[in-house]
Amino acid sequence: MKGRGIVLGVVEDFQYEQALVTMKKDDVLVIFSDGISEAVNALDEELGEENLIRVVQSHRTSSAAQIQAAVLDAVRHHASGVAQYDDITIVVVKRMEAGVVTLR
């Protein structure tokens, strides 16, 4: 399952895209606020989407709760005690059963 772009948000006059997504067994959907990818460390370096993707991919066989915990641990480790000034929100959905679910 591939897809990128703004999913949720309040952006006036933004042209939102809609997509039909089919989730198969073991597919993972991660929805996160920019406070996750833009979490900074003492050098003002952001965690970044690529690092976030690496964390999720390295835990793809784990449960949704474990993937969420791994991402939050990565944010804490990256920030190393530096206060964050944006929300840190993440939702992880993992298809566990065989069969197909279509999300609209």
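At 44% relative accessibility, does lysine 25 count as buried, partly exposed or exposed? Select lysine 25 and have a look: it counts as partly exposed. Here, buried means under 20% relative accessible area, exposed means over 50%, and partly exposed is in between (1.4 Å probe, protein chains only).

Before you click on, some ground rules. You're looking at a predicted model, where local features need pLDDT of at least 70 and side-chain atom pairs count only at pLDDT 80 or more, while totals for chains, interfaces and linings use all residues. Residues are numbered from 1 along each chain as its sequence is written, and side-chain values use heavy atoms, with hydrogens and water left out.

**Stop 1: the salt bridges**

Lysine 25 forms a salt bridge with aspartate 26, and the closest N and O atoms are 3.5 Å apart. The term means a side-chain nitrogen of Lys or Arg within 4 Å of a carboxyl oxygen of Asp or Glu. Aspartate 26 is partly exposed too, at 41%.

A search of the whole structure finds two salt bridges. For another, jump to aspartate 73 and arginine 76, whose side chains meet at 2.8 Å, N to O. Both sit in helix H3, three residues apart, about one turn of the helix. (Helices are DSSP runs of H or I with at least four residues, strands are runs of E with at least two, and both are numbered from the N terminus.) An α-helix has 3.6 residues a turn, so residues three or four places apart point the same way. Aspartate 73 is partly exposed at 42%, whereas arginine 76 is exposed at 53%.

**Stop 2: helix H2**

Now select residues 49–58, which make up H2. Colour Leu52, Val55 and Val56: these are its buried residues. Seen down the axis of H2, they fall within an arc of 95 degrees (taken from the directions from the helix axis to the C-beta atoms), so they line one face of the helix.

**Stop 3: strand S3**

Next, select residues 90–94, strand S3. Valine 30 stands opposite valine 92.

**Last stop: glutamate 97**

Finally, pick glutamate 97, in the loop between S3 and strand S4 (101–103). Glutamate 97 is exposed, at 56%. Its C-alpha atom is separated by 8.2 Å from that of lysine 24, 73 residues apart along the chain.

Key
Two strands pair if DSSP finds at least two bridges between them.
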